[in-house]
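Please view the sequence and the structure together while reading.

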Amino acid sequence: MEAAVAVMESEGVDTVFGIPGAAILPLYAAMRTSGIKHITVRHEEGGTHAADGWSRVTGKVGVCIGTSGPAGTNMITGLYTALADSIPMVCITGQAPRAKLHQEAFQAVDIVEIAKPVTKWAVQLKEPGQAPWVFREAFRIARSGRPGPVLIDLPLDVQRGLCNYDAAIDAPLPVDVPEPYPGRVRAAVDMLRGAERPLILAGGGVVIADAAAQLRELAEELDVPVQVTLMGKGAFPEDHDLFAGMAGLQTQTRWGNQIFLESDLVLAVGARFGDRHTGDLSVYTRGRRFIHVDIEPTQIGKVFEPDLGIVGHARPTLAALTAQARASGERRATDWPARVRKLRETLPRRDDFDDVPIKPPRVYRELNEFFGPETTFVTAIGLYQIWSGQFQHTYLPRRYLVCGQAGPLGWEVPAAMGVKCAFPERQVVAVAGDYSFQFLMEEIAVAAQYRIPFVIVMVNNEYLGLIRQSEIPYDMNYAVDLHYGEGGIDHVKLMAAFGCPARRVEQPGDIRDALAWASAESAAQSLPVLVEVMVEREANAAMGLSIDAVKEFEPVPELELAGD
């Protein structure tokens, strides 16, 4: 276990999240004298989400540790979340001694078989001499190709064993960064130059690859507008002239959908064409060609077959496309970028409501105006996250973190802890719904104990809001109302029970002052601070089943659109 800890340190791990137990104590004994900081969480799922947040913001491999039995099964949701969003993570579990595994020993569960569907690799350490090599391989697999999680199961007797290991002559295993095939790069540039209304679609793979600079360089070289997916928010600055919004069914902009519908070619980089982005595929694909760039070959053609596929890491692929574009001469000028800017100006949504109860878009207007571009926002799943995707502005990579595909409620608070542990100097804001907050609210105690300060903005409609809206076609409002008594859970008192400040806001004009108070109070006390914003209970978010049929539930500005 000393070798395993030395490997973790050399892989860049300085913080781990976990819960000790009898079956994992040899690892903890080795870790005690290391330079790794351990954060004791209150639930193993919370530990996985904290490691996930730490990984997303650093780009390194996050680590969560637990004992045998239910510790591992509690990690499954976090493993699934990391696999779905391509987040490198290693989860380590204790296990009963090898001789007891077939005897139904206490807390002995076959966690390797349970975890296989939600990991890139799940492995049980069989011999002490394998320890440094299994740990090295776990980190290599987590970081390579399409990143993702690994689970290592450690029987107690193996942990207690000895192995030969010399850290002075060891190092991380190399990770391949695949270059694109030049012929496909040339074909892609020819297609981009031949298109009248091309778009670049930047997915989460651009952020993971740290390729934002190369993306911008290509866009500016070819004067091609850039859209982002939900996972790609921050890959391209949203105040750039070539920013073309976001297309989709839920997290989308009105102008983004219209721009996509008018495009004739889409260069998708590190995007997996998720169903909440594409919607009806016949609408999404009709009238345009697609180039799909991905590091994972089996992703290409999984949802629909593109006109051209390119296998490669996003950073060298974007750089190669730019080099080829420069070598092949200037792109002919078109009025397409101007059309994109016009659509952006004329198809906004309102966020300036003064209504009471507060309309949710107003909350995001205040967040945009109060917090600076360096702020890291963390959000999860629900109407509050959909409004966030529609209204929040992001300018830098790894500053907007969202559990995009798996969507586990409760992700925000532990993920925000992970971000703050990685970058203590950074302003961190978790945007949560009331129900999501309640899922893993015990992790507030962890942030209080370890003095991990961040701001929580709760958008509280006292509903399972997204499910309530989804029930409208069924003509029902069933099993989704969380209001009871004098107003359900008193979150201000709840935060006080954890020893943390909180404030409730019911007037739109009070939101900004509350954000200022929370930011100052969090910094002064080194604690999480809650701003609970009471919003219109049955407000709906704009969404639909296809990108050409999104229903608006609030009045939209009536502006003249040239060319319509």
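A residue is called buried when its relative accessible area is under 20%, exposed when over 50%, and partly exposed in between (1.4 Å probe, protein chains only). Helices (H or I, at least four residues) and strands (E, at least two) are DSSP runs, numbered from the N terminus. The model is predicted, so local features need pLDDT of at least 70 and side-chain atom pairs count only at pLDDT 80 or more, while totals for chains, interfaces and linings use all residues. Residues are numbered from 1 along each chain as its sequence is written, and side-chain values use heavy atoms, with hydrogens and water left out.

- Strand 6 (residues 149–155) is mostly covered, with 7 of its 7 residues buried.
- In a regular strand, side chains alternate between the two faces of the sheet.
- Both faces of strand 6 are covered: Pro149, Leu151, Asp153 and Pro155 are buried on one side, and Val150, Ile152 and Leu154 are buried on the other.
- Strand 4 (residues 89–95) pairs with strand 6 in the parallel sense over 7 bridges, where pairing requires that DSSP find at least two bridges between two strands.
- Within this pairing, Met89 has Pro149 of strand 6 as its bridge partner.
- Strand 5 (residues 121–124) also pairs with strand 6 in the parallel sense, over 4 bridges, and Gln124 stands opposite Asp153 in strand 6.
- From strand 5 the chain passes through helix 7 (residues 131–143) to strand 6 in a right-handed β-α-β crossover; right-handed means that, with the strands pointing away from the viewer, the path from the first strand over the helix to the second runs clockwise.

- Strand 7 (residues 198–202) is largely enclosed by the rest of the structure, because 5 of its 5 residues are buried.
- Pro198, Ile200 and Ala202 are buried on one side of strand 7, and Leu199 and Leu201 are buried on the other.
- Strand 9 (residues 265–269) and strand 7 pair in the parallel sense over 5 bridges, and Leu201 stands opposite Ala268 in strand 9.
- Strand 8 (residues 226–228) and strand 7 pair in the parallel sense over 3 bridges, with Val228 in strand 8 as the bridge partner of Ala202.

**An exposed residue**

- Tyr478 lies in the loop between helix 22 (465–470) and helix 23 (491–497).
- Tyr478 counts as exposed because its relative accessibility is 58%.
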